[in-house]
Amino acid sequence: MIKKQFFEIVLVLLASSAIFSLELKLVLFQQRRVNRESLKLLNKLQTSSIQQCLPHRKNFLLPQKSVNPHQYQKGHALAVLHEMLQQIFNLFRANIPLDGWEESHKEKFLIELHQQLEYLEALIGLEAEQKSGTLGSENLRLQVKMYFRRILDYLEYQEYSSCAWTIVQVEINRCLLFVFRLTGKLSTQGMDS
Amino acid sequence: MLLSQNALAIRPLNLYPVVFISLMFGILHALSDSPDESCIAFNMTLRNFQSILSWELKNRSIVPTHYTLSYTVMSKPAGEMVVEDCINITRSFCDLTDVWESVSETYLPTVVGFRGNTMLVSCWDKVFVALDMSLEPPEFEIVGFINHIDVIVKFPPVIPKMLVGKNLQTYLSLVIEEKSGSIVNLHRPKIDGNTTGNFTYVIDKLIPNTNYCVSVYFEPKNLGKIHRSPLKCTRLQPGQESESSESVKIGGIITLFLIAAVFISTIITLKRIGYICLRHDYPKVLNFYKLSAWVFPELPPLEAVAIVEVIHINRKKKVWDYEYGDESDSDNEAVPRASAGGYTMHGLTGLCPLASTSSASLENCSNPDAEEPDLPEPGVESEPLMTPGPGPCQSECTDGDYERRGNQLQGHFSEEDNSSTEGSEDRIVFNVDLNSVFVRVQDDDDAEVPPMLSCLPEEAVDLEDPNEMETSLLVASGEGTQPPFPNPSVECLWPEDAPSDESDTSESDVDIGDGYITR
């Protein structure tokens, strides 16, 4: 009886790993497309003269070193990726008027993020069945959450001014490029495994 | 009147300073305040793995003689930083390799144009490296061979900090485009931040004597335009490849010719030796159809023989006392037991030694004191003593000789088996070489006629020996006889009936009557 159950568990793991491998490749392919579209749409946001906003610059302490994509496992990278996209989606979904950004561009930006989040959630659910590593993932997720908390606090402090949004736009560009590196790392790991 | 005239004169005079001040204020404001971000256009390129920032003033009427470049970043509050290598430069570009180290950073460069000591213009703009940096194709060379092309891409000895490590393959990939006519193939060799010096990539499996063009470029993985390099073309070498192909063809033709010649010669040889012929009957040795028979040769068919039951007769060895009386041993003789074929060992054995020993036996017929003939060993079953087909009872030896021979044989056999001849279960089967004997061709009519045997070779008998003749006569008359053949119907011609001169058993004396060969 135990042998039969063990055999079934092994089969499920093998099948899920195969499915996960295929799913990961598809998700990463989609992620690269989302990254390009997000950058393009975000940079269509017309901001005030950036020279005027130089006094409003702030270092939000993007946790690049602590969440270095080259240092942790595939499961942790997926968790960080998912948390970052989730926070970016939440940031721009809020009913905060953004002058200079066309509504169509904003909607398309949010739709791309939402679809990618769904793919990632399905993939993370499959990954969670294989192995448990939630403790390390939660720590990394917390760091990402704290980073975006700082951004939101800044916006509130600056009363969501034009210069504040200009500064935030520049910071989100850095986030998306961090997501680029993370996606590249996952692609490399997926090809090697 | 005068006041009105004075008022009219005063108004223009009051305006002039206002205008002048305003103009001066505006100029000063323009100079002291942040430079106009729109007066300049920056262009950042990655040229031979060097970050080059070039600029062009939008107002072409303003032509400074010298430029000074400075920059700041947007990710953190930082001051203006002047690029040391780009102070009072006459060129309109600056190498920022290892100055700008982050691809994800947004930089704000500022260019101040001077003419002499006069500042003419100060312009700035933002540069987001990941999106705004264009990738120029690398320098490369191609070397064409017969069926492949070596593409040598020149990498710098040191990769810029912004692309070192995994960043290079994260943001860009190297693409080698191979064109031949309308066919385009893309090759994506793997590179990383550790790739330095001359990087060689081989495009193989090409068609010789064909023109190929190669283009190399970097493909940005984020956004950005692709800038292809100018095509470099080469025509692959044709000579050796075609010659080798021709030599291969010639070799193939020669090989085929040799195979055909060998095949034809084999056919001719087989035909000559008779394996291949028009007839269907070919030598049995070449009959491979019966492979089993070839591998396991069949034993020669046994000659038709009849089994003779050997009857052992135990009797004393009688010493011949040179008496020619009745030497009938009928009292001492046991009734020879008739075999199924009607033959007995008695007499018959004297008649039927083996061919190999027949001569010796016959010699011993004439010399009764001779030693026992070289009889076959009883254990030699390979040459069993058998009576073949029918044969005449006639022999060149007398009955006495037969007796002696029989005695010898019986004695010989009695040595091995002293069982009584009566009801003896022992049977000795012996073979007789029919070539040395006369056999009877058993007809259906003569089925009852027991087979007879004359196993005495002709050459071994000396019928002119009067002793033998007399002995045989006496035996024949004395015994009256008990012929070796129990069938009274046997007709035999005794030697008395045959002229002694005709001892030679010539074939002319052979008379086949009733199936017997007589002499």
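Which cysteine does a disulfide join to Cys86(B)? The partner is Cys94(B), with an S to S distance of 1.5 Å. Here, a disulfide is a pair of cysteine sulfur atoms within 2.5 Å.

Before going on, a word on what you're looking at: this is a predicted model, where local features need pLDDT of at least 70, side-chain atom pairs count only at pLDDT 80 or more, and totals for chains, interfaces and linings use all residues. Residues are numbered from 1 along each chain as its sequence is written, chains are lettered from A and ligands numbered from 1 in the order in which they are written, and side-chain values use heavy atoms, leaving out hydrogens and water.

Counting by that distance rule gives four disulfides over all chains.

| Pair | S to S distance | Torsion about the S-S bond |
|---|---|---|
| Cys39(B) and Cys123(B) | 1.5 Å | about -140 degrees |
| Cys86(B) and Cys94(B) | 1.5 Å | about 85 degrees |
| Cys213(B) and Cys233(B) | 1.9 Å | 105 degrees |

Let's take Cys39(B) and Cys123(B) to begin with. The torsion about their S-S bond is about -140 degrees, so this disulfide is left-handed. The pair links distant parts of the chain, 84 residues apart: Cys39(B) sits in the loop between α1 (2–32) and β1 (40–47) of chain B, while Cys123(B) belongs to strand β7 (residues 118–124) of chain B. Those labels are DSSP runs numbered from the N terminus: helices are H or I with at least four residues, and strands are E with at least two.

Are these two cysteines buried or exposed? Cys39(B) counts as buried at 16% relative accessibility, and Cys123(B) is buried as well, at 0%. Buried means under 20% relative accessible area, exposed means over 50%, and partly exposed is in between (1.4 Å probe, protein chains only).

Back to the opening pair. Its torsion of about 85 degrees is why the link of Cys86(B) and Cys94(B) is right-handed. Cys86(B) is buried, with a relative accessible area of 0%, and Cys94(B) is buried at 0% too.

Then there's Cys213(B) and Cys233(B), another right-handed link, with 105 degrees about the S-S bond. Cys213(B) lies in strand β15 (residues 211–220) of chain B and Cys233(B) in strand β16 (residues 232–235) of chain B, so the pair ties together parts that are 20 residues apart in sequence. Cys213(B) is buried at 14% relative accessibility, whereas Cys233(B) is partly exposed at 43%.

Over in chain A, Cys175(A) is buried, with a relative accessible area of 0%.
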